[in-house]
Amino acid sequence: MILLVQNSLEYETDLRAMIGAFFPATKIVSASPDEVAGFDKNRHNEFQFVFTALYEGNNTRLRIEEKGHVLYSAYAYGDFTDRKRYRNKLKLASYRILSEYTGRVLPWGSLTGMRPTKIATSALEKGKNRTDIIDYYQNTYDTSHEKAGLATTVAIKEQSILRTFNPIRDYCLYIGIPFCPTRCLYCSFAAYPIFEYKTKVKDYINALKQELPYISFLNRHRHLVAIYIGGGTPTSLSEKDLEALLKCVEDTFDLTYLREYTIEAGRPDSVTVEKLEIMKRYGCTRISINPQTMNASTLRTIGRGHTPADIKWAFNEARKAGFKNINMDLIAGLPNESLEDMEYTLSEIRKMNPESVTVHSLAIKRAAELNQQYDSFRETINHDMDKMISLASVTLADMKLKPYYLYRQKNIAGNLENTGYAKEGKECLYNVLIMEEKLDTFAAGAGGITRLISVKPRSGDEIDDMSYELRVDSDDNVVEKEPVNVMDLTAADFDVTRVDRVENVKNIDDYIDRVDEMLERKNAGVEARNFDI
């Protein structure tokens, strides 16, 4: 347990995130200096160490102490009431003092946000070059050159993808299937064991059959460009129920403009030849078969009900069924896994040669069983996972897979990242669109979160150049300006002014009973959203 002492709560979340980057799954208790003054000796002894931040005018004193002895101290200079300018300074000073205390250097430095590529994206939109952006990451956040380069590379790729979509015209669809064969050790999703909830599946599909047509109606004048069916494990449904769901999608939506149709077949033990054939028959273009690791003992430890042989079987059957875009998920830092174990997993993945691989860093999620049993696993988890991640990067590059999207989660051991790698042209469009929040995503099913994007075309001189075509006569003299149709612009040409989240209830029974309410929520969200054009 760690004690965080502050005389202002303005930066509570930032300091907690910074401490948590070094000490994942460790409880952090907050207190004011006055409250700490009332602690007795026994109370003080409960804490591994005390991190103190005292804000005073234009400087903030930071210190780390154990048992009343100050071990490290530092100052963060600047007006702490100016959050926009001061936040990064405080986080950097906090990172450096924690780094000194622990003897550890984190590859992302003081950067703790979910979307580290956002910084590079903003800089690219302002015309900054790659070198300038990498320097900014390193100077502002103490980010390593490797991670700064990764974020910039991903941002460049994302921008090229976003330029092929229009936020007024296009939208995405997510369908959540909250059932799984078993619950994995590290999972925190609202997923239910299929064998315990099999009597609920028919009613759940029927509820989806009410929600999906309403989503289609709300978007009747727009283009559906990407479908993602996730969960849970969609392939935990029976063949009959899976076909009923996919037929509903086919009958309900205009798929003319669909560019990608992904279904997660993440658990190989839930895959059958018939399910693969059903998915292919109804137009699925991309599936995900997720080993997480190719080491049998680790699979047993994390609660996966399949073997490495099952993974290979499912992959080969998917190829036979005609799937030419298969993703595989891996997790670095699983209990008892070493760098050699990751090397073996990657060698097995190389043999299968998937079109994309997503490499996750183990996150100690609050609602996961791993967090509840963390003391039992603490010594078996490799917190220095950067070598695993770097090995994966090198191996996948050799397989001609390049990074195309990247995100972070809370409580990732090592403060690392999750990165998607893909062969050219095989990037998951949905992943980029949902991460960058430049296009509406309508979500159906229990726990689904619809994201509605309010946008306006960029303003200033650049929009004058962008949104008008100059008509000229035969002598090259300007005759008049003609407005360009807003539908000809792309997601990269708009500023997002607001993102509204419309949440479905998480509980399966509540979703089935209250599906009409979910429709009303979506309608209200659409009416409140604004396209400033």
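In this predicted model, Lys157 has a relative accessibility of 19% and therefore counts as buried, since the limit for that class is under 20%. Its side chain meets that of Glu424 in a salt bridge, with an N to O distance of 3.1 Å. Lys157 lies in helix H7 and Glu424 in the loop between S15 and helix H17 (429–436), so the pair ties together parts that are 267 residues apart in sequence. Glu424, at 57% relative accessibility, counts as exposed.

Helix H7 (residues 145–162) also contains Lys147. The side chains of Lys147 and Glu417 form a salt bridge of 2.8 Å, N to O. This pair links distant parts of the chain, 270 residues apart, with Glu417 placed in the loop between S14 and S15. Lys147 is buried at 1% relative accessibility, and Glu417 is buried at 2%.

Strand S15 (residues 418–422) is mostly covered, as five of its five residues are buried. Asn418, Gly420 and Ala422 point one way from the strand, whereas Thr419 and Tyr421 point the other way. S15 pairs in the antiparallel sense with strand S13 (residues 356–361) over four bridges, and Tyr421 of S15 is the bridge partner of Val357. Antiparallel pairing with strand S14 (residues 402–407) involves five bridges; here Gly420 of S15 is the bridge partner of Tyr405.

Across the whole structure, 32 salt bridges were found. Among them, Arg350 pairs with Asp398, the closest N and O atoms lying 2.8 Å apart. Arg350 belongs to helix H13 (residues 339–352) and Asp398 to helix H16 (residues 386–398), so this contact ties together parts that are 48 residues apart in sequence. Glu10, Asp14, Arg83 and Arg87 are linked in a salt-bridge network.

Technical notes: Residues are numbered from 1 along each chain as its sequence is written. This is a predicted model: local features need pLDDT of at least 70, side-chain atom pairs count only at pLDDT 80 or more; totals for chains, interfaces and linings use all residues. Side-chain values use heavy atoms; hydrogens and water are left out. Buried means under 20% relative accessible area, exposed over 50%, partly exposed in between (1.4 Å probe, protein chains only). Helices (H or I, at least four residues) and strands (E, at least two) are DSSP runs, numbered from the N terminus. Two strands pair if DSSP finds at least two bridges between them. A salt bridge is a side-chain nitrogen of Lys or Arg within 4 Å of a carboxyl oxygen of Asp or Glu.
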